[in-house]
Amino acid sequence: MSGIFSKMKLKSKQSKITRRQQFKLFLSIMASFAILFITLGLIIFNLFQSSTYKSIDKDIRNQVVAIKKQPNMQKQTNPDPHDPNNHFINSKPDPKAPFQASILVFNNKGKLTNKSSLGNRYSVLKNIKLNKRNVNLKQTIVVNNMNFRSILIKVSKKNNNPMYAGNYVLIMQNIDTQIQAIQNFEQILIVTFFIFWIIALVISYFLAKINMLPIVKSWKQQTEFVNDAAHELRTPLTIIQGKLEYMLTKPNKKIIDEAEAISVSLDEVNRLNSLTNNLLVLARSDSATTKLNFELTKPDFFLKDPIEPFKDIINSQSKVFQINLIHRPTLYLDRDKIKQLLIILLDNATKYTPKNGTIKIYDQMEGSKYQFVISDTGVGVVDKDKNKIFDRFYRVDKSRNTNSGGHGLGLAIAKQIVTVHKGHIYVRNNLPHGSEFVVELPIKH
Ligand code: ADP
């Protein structure tokens, strides 16, 4: 009972650890996506902002050029030397210019000299003071909640336009619409990226879940394997300990008197030996540390050796052994591993077939596959167990198998051997009773 409880506790602890790991993974994905989207957003936003400012600055530069190279006043149809905006009319007609751009002309003393041309804009722009240190500096200034991109230039005394000549000219371009566009773009960017961040999270959550499944499954399998192995090791150890303690209570007895206890202990030692060997085989192939010796070979070279000793064993148990191996395809495999596989299958067939039963080995060709089949007239395997018996530590009838000395590892090893050979192993019914274990291996052409 306590064993069951400790197993249950262990399982809930394991699932808690798995959940915590999944949560941590999810958090790190969230953070990574947030960093990614914020960086991307900042890059896009800065690009948009700088390209907007670039185009405004280009406009201002054009105006600076226009002011510095004043056109010939004679060509003007209605020249007004007091209107500093007249170069727009002559050089580059822009209907929006009077509303978007303003030009302030200051004399050397900082006095605004083009008051009349500013019209009703004067009331707003009069507060702007001349700061000679800002000459040739591009600036963004705010006047009465209106934003302007501006540049201050010192115009040469030789300039054709007497209004500009020798004065300071502040060219101002209203950028309220551009700033509004930048703000709108910023809001759209934040909302879009937030939505995409959520979508990316949902997708990555499901992808992570799907990708984690095999890892979690194999991790669980591994933990279960260690638990089962520890459990299997504990039983023979407890028996041996019990027998030894019992013998210690009778120190004067002779070995012959305790022969039964000694023989039981020895049996358990043998069981332990085979169990640890099997565990080692499985652990080594799990970590892929077993070196395989693949070579081109024919069935006689790996089937004959393991079959030979079984002839005597099976006959001595009053069972019939039939061999019918006729095919000789070329196969590419590790002979020792296939021999080990055959021993497991023949051993099982012998174990699970009662007296007077028949054990048979035969081979056949199935397209590009070579099959050898170990059939018996034993207890058989019911449908629901046909896949499970290849799992580690799975035994159909535990009490029956304790007598036959198995730990449920033989077929797991067999399956592993077949898998590394890119083959297939399965069990089917042998009518009227018994089972047939089919091993299918690819033929090398
Ligand atoms: P074990 O060491 O218990 O035999 P295996 O992995 O070799 O472990 O086999 C797993 C289980 O499959 C066995 O416990 C047994 O119940 C069943 N099994 C294996 N071979 C046969 C067979 N030839 N006939 C009937 N049952 C079998």
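This is a predicted model: local features need pLDDT of at least 70, side-chain atom pairs count only at pLDDT 80 or more; totals for chains, interfaces and linings use all residues.
Let me start at the ligand, where a polar side-chain atom of Tyr352 lies 2.8 Å from one of the ligand's oxygen atoms, a polar contact in the sense of a pair of N or O atoms within 3.5 Å. A polar backbone atom of Leu411 is likewise 2.8 Å from an oxygen atom of the ligand, and for Gly408 a backbone N or O atom lies 3.2 Å from a ligand oxygen. Taken alone the ligand exposes 530 Å², of which the protein buries 98%, with accessible areas from the Shrake-Rupley method and a 1.4 Å probe.

Residues are numbered from 1 along each chain as its sequence is written, and side-chain values use heavy atoms, without hydrogens and water.

In total 22 residues surround the ligand, each having a heavy atom within 4 Å of it. Helix H9 (335-351) is among the elements giving two or more residues to this shell, and H9 provides its largest share, three residues; helices here are DSSP runs (H or I) of at least four residues, and strands (E) of at least two.

Turning to the sheet, five strands form an open, mixed arrangement in the order E6-E8-E9-E11-E10, where pairing requires at least two DSSP bridges. Strands E6 (320-324) and E10 (424-429) stand at the edges with a single partner strand each, so one side of each is left without a neighbour in the sheet. E10 and E11 run antiparallel, joined by six bridges, and Tyr426 stands opposite Val438 in E11.

Note on methods: A polar contact is a pair of N or O atoms within 3.5 Å; within protein, one must be able to donate a hydrogen and the other to accept it, and residues adjacent in sequence count only if both atoms are side-chain atoms.
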